[in-house]
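Subject: Structure for your files, with notes

Dear colleague,

Please find the structure below, followed by my notes on what was found in it.

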Amino acid sequence: MNVAIIGIGLIGGSLAITLKENGFADMVIGVDERPEHLAKAIRRRLIDEEMPLREAIAASDLVIVAVPVDVMASLLPLILDQVDQQVVMEVGSTKERLLESVRTHPRRGRFVSTHPMAGTEYSGPEAAVPNLFNGKYTVLCETEKSDPDALARVERLYASIPMKMAYLDPKSHDVHTAYVSHISHISSFALALTVLAKERDEARIFELASTGFGSTVRLAKSSPDTWIPIFRHNRDNVLDVLDEHINQLSLFRTLLIKKDFDSFYERIAEANKIRKIIG
């Protein structure tokens with residue numbers, strides 16, 4: 001099977017490695033608006049060949065769109081304009097606005113919407129790694145609007161990695177990802193800015209930083225080019241979650257002001273229940 005990947009970054013590049021190594025793809029074609037990304041992808045052997053978009057679509061059986069979600073919303077209809085029997089899938093982090101962009105497209109059936117729930121704080125083809133997706137979940141959205149053979153091809157792709165599959169409607173997907181992913185990034189950005197502001201006066205903060213700080217602030221290294229489109233697309237859900245997060249922070253602040261460490265203890269014990277969910 002010939003696979004075209006549009007956007008050779010962390011997700012696109014890691015999929016390229018995986019699908020070549022596991023034999024799902026006979027040839028991987030790379031498409032990217034940045035020539036330097038394609039050059040790196042060729043040097044790292046992430047892709048077998050680079051092509052312009054139209055040629056890549058014509059030469060492929062499966063087209064994977066892995067660009068930022070704002071670009072994806074305008075690009076998907078143009079790609080679907082050019083397909084015949086090819087399958088088009090995307091790997092975006094938001095769904096409602098994205099799926100609205102192709103809702104009435106006459107080739108909507110050739111399209112499958114997915115979100116592999118995996119990643120790192122790094123970006124670009126140099127960030128692509130093998131085994132990024134192994135054993136993780138991928139979400140498939142609005143599958144009832146995809147042609148059965150198109151859906152089956154995408155399910156075979158994820159099974160070949162292997163990944164676990166969950167099926168959600170777009171609205172539920174966007175709510176859930178606001179809780180499990182998007183708020184985590186905002187919290188990490190905010191913590192990094194807090195410490196950077198304080199570090200002007202306390203030069204030894206980073207000298208004393210432990211692995212706990214590193215893991216908490218790791219997501220702050222994530223690219224704004226990736227995350228601003230996500231926050232723009234999922235603004236309402238992120239605001240809802242952020243309001244609750246601010247309420248929780250305000251409660252901790254109030255308990256500290258009151259020196260109510262018994263209640264503080266209770267809040268931490270309540271938070272510990274997260275172990276039942278994530279181990």
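How many bridges join strand β5 (residues 87-90) to β6, and do the two run parallel or antiparallel? Three bridges join them, and the strands run parallel.

Before going further, please note that this is a predicted model, in which local features need pLDDT of at least 70 and side-chain atom pairs count only at pLDDT 80 or more, whereas totals for chains, interfaces and linings use all residues. Residues are numbered from 1 along each chain as its sequence is written, and side-chain values use heavy atoms, with hydrogens and water left out.

The protein chain has 13 helices and eight strands, where helices (H or I, at least four residues) and strands (E, at least two) are DSSP runs numbered from the N terminus. Its C-alpha atoms fill a box of roughly 65 × 40 × 30 Å along the principal axes, and 43% of the 279 residues count as buried; here buried means under 20% relative accessible area, exposed means over 50%, and partly exposed lies in between (1.4 Å probe, protein chains only).

**The sheet**

The eight strands form an open sheet in the order β3-β2-β1-β4-β5-β6-β7-β8, with mixed pairing, two strands being paired if DSSP finds at least two bridges between them. At the edges are β3 (49-50) and β8 (164-168), each of which pairs on one side only.

Strand β1 (residues 2-6) is largely enclosed by the rest of the structure, because four of its five residues are buried. It pairs in the parallel sense with strand β2 (residues 27-31) over five bridges, and I5 stands opposite G30 there. Between β1 and β2 the chain passes through helix α1 (residues 10-21), and this β-α-β crossover is right-handed, a term used if, with the strands pointing away from the viewer, the path from the first strand over the helix to the second runs clockwise. β1 also pairs with strand β4 (residues 62-65), again in the parallel sense, over four bridges, with I5 opposite I64. Four bridges then join β4 to β5, which run parallel, and I64 stands opposite M89 in β5.

Strand β6 (residues 111-116) is mostly covered, with six of its six residues buried. F111, S113 and H115 point one way from β6, while V112, T114 and P116 point the other way. In a regular strand the side chains alternate between the two faces of the sheet.

**Aromatic pairs**

Rings of Phe, Tyr and Trp (its six-membered ring) pair if their centres lie within 6.5 Å, with planes under 30 degrees apart counted as stacked, over 60 as edge-to-face and the rest as tilted; by this rule there are three aromatic pairs. W227 and F231 form a tilted pair, 5.5 Å centre to centre with 40° between the planes. Both lie in helix α10 (residues 224-233), four residues apart, about one turn of the helix, and both are buried. F252 and F264 are likewise tilted, at 4.9 Å and 45°; F252 lies in helix α11 (residues 235-257) and F264 in helix α12, so the pair ties together parts that are twelve residues apart in sequence. F252 is partly exposed at 26% relative accessibility, whereas F264 is buried at 17%. F252, F261 and F264 form one aromatic cluster.

**Salt bridges and a surface patch**

With a salt bridge taken as a side-chain nitrogen of Lys or Arg within 4 Å of a carboxyl oxygen of Asp or Glu, the count comes to 13. One of them joins E121 to K221, the closest N and O atoms being 3.8 Å apart; E121 lies in the loop between β6 and β7 and K221 in the loop between α9 (211-217) and α10, so the pair ties together parts that are 100 residues apart in sequence. E121 is buried, with a relative accessible area of 8%. The side chains of E270 and K273 also meet in a salt bridge (3.1 Å, N to O), and R108, E142 and K145 are linked in a network of salt bridges.

Finally, I274 lies in the loop between α12 (261-271) and α13 (275-278) and is partly exposed at 42%.

With kind regards
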